[in-house]
Amino acid sequence: MKVRIPLAKPEITEADRDAVLDVLRTPYLSMGPKLAEFEQAICDYVGCKYAVAVNSGTSALHIAVRALGLERGAEVILPSFTFSALLNVILQEGLRPKLVDIDPGTYNTTPEMVAAAITPQTRLILAVHTFGFPVDVKSIAEGAKGSRNSRARGHTAHVIEDACEALGAEVGMRKAGSIGDAGLFAFYPNKQITTGEGGVLVTSSEQLGSDARKLRNQGRDPKLDWLQHVEIGFSYRTSDINCALGVSQLRRIENVIERRQKLAWIYDHELANSCEVHRPPLTSKGGRISWFVYPIRLGKEFTRADRDWICESMLRKGIATGRYFAPLHLQPVLASSIGQGKSELRLPQTEFVADRIIALPFFNELTEKEIQEVCGALEESIGELRRKT
């Protein structure tokens, strides 16, 4: 089956290609000047003092968690409706995930849900800006510091912002990623900008930034001899080739955000008369949206099997769709990793959304005509399902 309209597609310009070729003409393919340039550009844009570029958003999370020095078994609060990378890192580090529900209107968890989950064992909260919609991380951070439970043993929970889907989103007047102890961004080809593969940790903590740099490169301390390893580290470096692409793409990030907002408006207009789907909000009271995907949600009368049938029907029409996310609290890896049977935890809003959500094609070069075709195919597929059942 030939896909005519993909779910995502990176926008690569001649300037991007020239930037990469320029690096290939130098001897500095890794840990060179483009790494420092990209990190500084990210700092300037996000509003943080330090940036540590790595080979993926997952790696950025890993070194952020390791740099915080959490004891094994420490409790980490995070939403169940998010990408599995978060759970993987938590389990790899021997930490204990505590999964919370979401608000189906925003796809994010809320400060109230997080506050209710905090216990004296809570050491970390992962605040996720899902789909580029800003979560109220400021209130989450204030709750972590002010909770009686978090202070019961003299501890304050750290907050890491997962802004891997939200470059350019804003919480109030601040950029997503700049409010917590650390922020994370990812640059996979389906993101607002891409480096091919890559990610970055941002922070305004000198200690956290220094520790993250050591962890990125096999535990080496840049202040010491090159071959001196001061702690166990990782090979999470990213190349100057990736960084050059990132520098070039970051120069047009505001145009990208504006373009994606317009695409969301077009989708909203085309689907306005559909009573079968719930459209995402075009604005957020929490701040600026930076659209990662355009997610629609089927009505409560639809099942997960219905959603999957619709996605398969659209694929037969040459249109790709996405199904984000499988709830983390229902993943087999969770039960096998903590040595328990199937999870008894039920998070109704997460499960309701996860069974019915469909991400429609969304990328910078998507045209209004293609959006109209996608929406027409969606309506046609829903009609076919109705007639079939």
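Colleague: Where is Phe325 found?

Modeller: In this predicted model, Phe325 is found in the loop between helix H10 (304-316) and helix H11 (332-338).

Colleague: What is the form of the peptide bond from Tyr324 to Phe325, cis or trans?

Modeller: The general idea comes before the case. Most peptide bonds are trans, and most residues other than glycine have a negative phi. The bond from Tyr324 to Phe325 is cis, and its omega is near -15 degrees.

Colleague: Which phi value does Met31 take, and where does Met31 lie?

Modeller: Met31 has a phi near 55 degrees, which is positive although the residue is not glycine. Its place is in the loop that runs between helix H1 (14-24) and helix H2 (33-46). Met31 is partly exposed, with a relative accessible area of 36%.

Colleague: Is Phe131 buried or exposed, and what is its phi?

Modeller: Phe131 also belongs under this heading. Its phi is near 60 degrees, a positive value in a residue other than glycine. Phe131 is placed in the loop between strand S4 (122-128) and helix H6 (137-146). The residue counts as buried because its relative accessible area is 1%, where the cut-off for buried is under 20%.

Colleague: Which residue takes a positive phi just after H4?

Modeller: That residue is Gly94, with a phi of about 70 degrees. Within helix H4 itself (residues 84-92), the buried residues are Ala85, Leu86, Leu87, Val89, Ile90 and Leu91.

Colleague: With which residues is Ser290 in contact, leaving aside its neighbours within four places in sequence?

Modeller: Begin with its position: Ser290 lies in the loop between strand S10 (277-278) and strand S11 (294-298). Ser290 has a relative accessible area of 1% and is therefore buried. Once neighbours within four places in sequence are set aside, Ser290 is in contact with Phe131, Gly132, Glu165, Ala166, Leu167, Gly168, Ala169, Gln192 and Ile257. Phe131, one of these contacts, is the residue with a positive phi near 60 degrees.

Colleague: How far apart are the axes of H3 and H7, and at what angle do the helices pack?

Modeller: Helix H3 (residues 57-68) and helix H7 (residues 206-216) have axes 9 Å apart and pack at an angle of about 120 degrees. H3 is therefore oblique to H7. The crossing of H3 and H7 is right-handed. Ile63, Ala64, Arg66, Ala67 and Leu68 in H3 meet Leu208, Asp211, Ala212, Leu215 and Arg216 in H7. This contact has seven nonpolar and three charged residues, with no polar ones.

Colleague: Which residues make the contact of H9 with H13?

Modeller: The geometry comes before the residues. Helix H9 (residues 253-270) packs with helix H13 (residues 368-388) at an angle of about 40 degrees, their axes being 10 Å apart. That angle makes H9 oblique to H13, and the crossing is right-handed. H9 contributes Leu263, Ile266, Tyr267 and Glu270, while H13 contributes Glu368, Ile371, Gln372, Val374 and Cys375. The class count is six nonpolar, one polar and two charged residues.

Colleague: Where is Thr367 placed?

Modeller: Thr367 is in the loop between strand S12 (357-360) and H13. Thr367 is partly exposed, with a relative accessible area of 36%.

Colleague: How many disulfides does the structure hold?

Modeller: The structure holds zero disulfides. For Cys43, the nearest cysteine sulfur is that of Cys48, 6.9 Å away, whereas a disulfide requires sulfur atoms within 2.5 Å. Cys43 is buried, with a relative accessible area of 5%. Cys243 is in no disulfide either, and its nearest cysteine sulfur, that of Cys43, is 12 Å away. Cys243 is buried, with a relative accessible area of 1%.

How values were computed:
Residues are numbered from 1 along each chain as its sequence is written. This is a predicted model: local features need pLDDT of at least 70, side-chain atom pairs count only at pLDDT 80 or more; totals for chains, interfaces and linings use all residues. Side-chain values use heavy atoms; hydrogens and water are left out. Axes are lines fitted to C-alpha atoms, for helices over the stretch in contact, and angles run from 0 to 180 degrees between N-to-C directions. Helices (H or I, at least four residues) and strands (E, at least two) are DSSP runs, numbered from the N terminus. Angles under 35 degrees count as roughly parallel, over 145 as roughly antiparallel, 65 to 115 as roughly perpendicular and the rest as oblique. A crossing is left-handed if the near helix is turned anticlockwise from the far one by less than a right angle, and right-handed if clockwise. Contact means heavy atoms within 4.5 Å. Ala, Val, Leu, Ile, Met, Phe, Trp, Tyr, Cys and Pro count as nonpolar, Asp, Glu, Lys and Arg as charged, and the others, Gly among them, as polar. Buried means under 20% relative accessible area, exposed over 50%, partly exposed in between (1.4 Å probe, protein chains only).
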